[in-house]
Structures are given as structure tokens and as C-alpha cells.
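Student: Please help me learn how to read a model like this one, feature by feature.
Tutor: Gladly; let's take a look and start with a single residue.

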Amino acid sequence: MAFFDRLREARINASLTQEQLATKLGIAKSTLSGYESGNREPSVATIAKALDILGIDANFLYQDEM
């Protein structure tokens with residue numbers, strides 16, 4: 001499973017819609033959609049904020065990337 005799949009999974013497990021998570025991250029819903037589809041790369045700051053909001057760690061997101 002890739003980063004973008006795990007990001008989507010974590011959002012769903014947190015019972016958040018794309019719009020809700022995007023608002024909490026301070027980004028547009030279309031930007032988050034791009035992250036979840038693998039068409040865009042989030043900044044390190046956005047990833048750090050997402051980790052905090054979703055209650056996950058970087059190992060979860062990147063475990064298959066290494």
C-alpha cells in the first residue's frame with residue numbers, strides 16, 4: 001500500500017471527510033484529493049500536521065515506501 005492509500009485510510013479511520021481534514025490542515029479539498037490520489041506531494045509541514053490530526057506516526061504512512 002502506498003503513502004496516498006495510507007493517508008486515505010487514516011482519514012477514513014478518523015471518521016473525517018476530505019473537506020473536514022482539508023479544513024483542519026488549512027488546505028483546499030482539491031489539494032487533499034491530489035494527495036490521496038497520488039497526483040500531488042504534501043510538504044513536510046503538512047505531513048506533520050496530518051500526523052498530529054489523524055493520531056498516526058510517519059511509520060504508518062511510509063512503511064511500504066522504504
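Student: Where is the place of Gln 18?
Tutor: Gln 18 sits in helix α2. Helices here are DSSP runs of H or I with at least four residues, strands are runs of E with at least two, and both are numbered from the N terminus. Residues are numbered from 1 along each chain as its sequence is written, and side-chain values use heavy atoms, without hydrogens or water. The model is predicted, so local features need pLDDT of at least 70 and side-chain atom pairs count only at pLDDT 80 or more, while totals for chains, interfaces and linings use all residues.

Student: Does Gln 18 count as buried or exposed?
Tutor: Read the relative accessible area: under 20% is buried, over 50% is exposed, and in between is partly exposed (1.4 Å probe, protein chains only). Gln 18 has 18% relative accessibility, so the residue counts as buried.

Student: Which residues is Gln 18 in contact with, leaving aside neighbours within four places in sequence?
Tutor: Contact means heavy atoms within 4.5 Å. With those neighbours set aside, Gln 18 contacts Arg 11, Lys 29, Leu 32, Ser 33 and Glu 36.

Student: How do the axes of α2 and α3 cross?
Tutor: Axes are lines fitted to C-alpha atoms, for helices over the stretch in contact, with angles from 0 to 180 degrees between N-to-C directions. For α2 and α3, the axes come within 8 Å and cross at roughly 110°. That is why α2 is roughly perpendicular to α3: angles of 65 to 115 degrees get that name, those under 35 are roughly parallel, those over 145 roughly antiparallel, and the rest oblique.

Student: Which residues meet there?
Tutor: From α2 come Gln 18, Glu 19, Leu 21, Ala 22 and Leu 25, and they meet Lys 29, Leu 32, Ser 33 and Glu 36 of α3. Sorted by class, this contact of α2 with α3 has four nonpolar, two polar and three charged residues. Ala, Val, Leu, Ile, Met, Phe, Trp, Tyr, Cys and Pro count as nonpolar, Asp, Glu, Lys and Arg as charged, and the others, Gly among them, as polar.

Student: And how do the axes of α1 and α3 cross?
Tutor: Helix α1 spans residues 3-13 and helix α3 spans residues 29-37; their axes come within 6 Å and cross at roughly 125°. The angle therefore makes α1 oblique to α3. On the α1 side, Phe 4, Leu 7, Arg 8 and Arg 11 make the contact, and on the α3 side Leu 32, Tyr 35, Glu 36 and Ser 37. Between α1 and α3 the contact holds four nonpolar, one polar and three charged residues.

Student: At what angle do α2 and α4 pack?
Tutor: The angle of α2 and α4 is about 120°, and their axes are 10 Å apart. So α2 is oblique to α4. Leu 21, Lys 24 and Leu 25 of α2 meet Thr 46, Lys 49, Ala 50, Ile 53 and Leu 54 of α4. In this contact of α2 with α4 there are five nonpolar, one polar and two charged residues.

Student: Which residues of α3 are buried?
Tutor: In α3 they are Thr 31, Leu 32, Gly 34, Tyr 35 and Glu 36. Their cover includes α1, α2 (18-25) and α4 (44-54). Take Gly 34: the residue is buried, because its relative accessible area is 7%. Not counting residues up to four places away in sequence, Gly 34 touches Asn 39 and Arg 40. Asn 39 lies in the loop between α3 and α4 and is exposed, at a relative accessible area of 66%.

Student: What about phi in the loops?
Tutor: Most residues other than glycine have a negative phi. Ser 15 has a positive value, near 60°, and is not a glycine. Ser 15 is in the loop between α1 and α2 and is exposed, with a relative accessible area of 62%.

Student: Where in the chain is confidence lowest, and where is it highest?
Tutor: pLDDT is the predictor's confidence in each residue, from 0 to 100. The chain averages 93, and 95% of the residues score at least 70. Confidence is lowest in helix α5 (residues 58-62), with a mean of 88, and highest in α2, at 98.
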